[in-house]
Amino acid sequence: INSEEGLSRVGGNKELYFKLLSEFRDKGINHYQEIVTEMESGELEIARRFVHTLKGVAGNLGIYGVFEAAKVVDTLMKAEQSATVALVELQGAVNEAIADLGKLAKNESNKEKTVILEDAIDKVYRLIGLLEDYDAEAKPFVEDIGMVEGFEDDWKVIRASVNKYDYDKAVKMLIQKILKRN
């Protein structure tokens, strides 16, 4: 899977890209089954359209194993030649992509989102308000913010303070960070 190429096709929007990859992972085998079902029922043109769609989606997402295998099936079907062997290869490519996407999803879910302070400043001010009010919602809220870029070590201490309900320490550190920024 060429993530760099796939990301460039969605304008670098990581959230959209991983959402599309997730959908492919969840539905890829269904797309393959639709192709087989249509071929078995003699609906070759519909099957070829499904192959063409699968090829396009895989290509746009950078899933080149599926793209190449679907391209072979598409070419054979257009030429009205037997695509039985190529379909087996397509199934293998789809299964391999789904397995790779499962690993990728697991790796992505283990990564913590990182934000820059300027993008999260409203949330940080909200967090300060929650902390000053000794509101228990501060704990999940600080986790929702994620890691603040450039303040990783301090942010870990702030989060640990919130998790230990040492809200005063967390407020003091947050205010110092905001004042240093200005």
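## Ground rules

Because the model is predicted, local features need pLDDT of at least 70 and side-chain atom pairs count only at pLDDT 80 or more, while totals for chains, interfaces and linings use all residues. Residues are numbered from 1 along each chain as its sequence is written, and side-chain values use heavy atoms, with hydrogens and water left out.

Helices here are DSSP runs (H or I, at least four residues), numbered from the N terminus. Axes are lines fitted to C-alpha atoms over the stretch in contact, and angles run from 0 to 180 degrees between N-to-C directions.

## Helices α2 and α3

Let's start with helix α2, which spans residues 14-40. Its axis and that of α3 come within 10 Å and cross at roughly 160°. That makes α2 roughly antiparallel to α3 (the term applies to angles over 145 degrees). The crossing of this pair is left-handed, meaning that the near helix is turned anticlockwise from the far one by less than a right angle.

Which residues of α2 and α3 make the contact? From α2 come Tyr17, Leu20, Leu21, Phe24, His31, Glu34, Ile35, Glu38 and Met39. On the α3 side they meet Leu44, Ile46, Ala47, Phe50, Val51, Leu54, Val57 and Leu61. Contact means heavy atoms within 4.5 Å. By class, this contact has 14 nonpolar residues, one polar and two charged; Ala, Val, Leu, Ile, Met, Phe, Trp, Tyr, Cys and Pro count as nonpolar, Asp, Glu, Lys and Arg as charged, and the others, Gly among them, as polar.

## Helices α3 and α4

Helix α3 (residues 44-61) also packs against helix α4 (residues 64-78), at an angle of about 155° and with the axes 8 Å apart. α3 is therefore roughly antiparallel to α4, and their crossing is left-handed. α3 brings Leu44, Ala47, Arg48, Val51, His52, Leu54, Lys55, Ala58 and Gly59 to the contact, while α4 brings Tyr64, Val66, Phe67, Ala70, Lys71, Val73, Asp74, Met77 and Lys78. Eleven of these residues are nonpolar, two are polar and five are charged.

Arg48 deserves a look of its own. Leaving aside neighbours within four places in sequence, Arg48 is in contact with Asp74, Met77 and Lys78.

## Helices α7 and α8

Further along, α7 and α8 pack at about 155°, with axes 9 Å apart. The two are therefore roughly antiparallel to each other, and α7 passes α8 in a left-handed crossing. Here Ala138, Lys139, Val142, Glu143 and Ile145 of α7 meet Trp155, Arg159, Val162 and Asn163 of α8. This contact divides into five nonpolar residues, one polar and three charged.

## Two loop tyrosines

Where is Tyr134 found? Tyr134 is in the loop between α6 (117-132) and α7 (138-145). Its phi is positive, about 50°, although it is not a glycine. Tyr134 is exposed, with a relative accessible area of 52%.

Tyr165 lies in the loop between α8 (152-163) and α9 (167-181). Tyr165 is not a glycine, yet has a positive phi of about 60°. At 51% relative accessibility, Tyr165 counts as exposed.

Note on methods: Angles under 35 degrees count as roughly parallel, over 145 as roughly antiparallel, 65 to 115 as roughly perpendicular and the rest as oblique. Buried means under 20% relative accessible area, exposed over 50%, partly exposed in between (1.4 Å probe, protein chains only).
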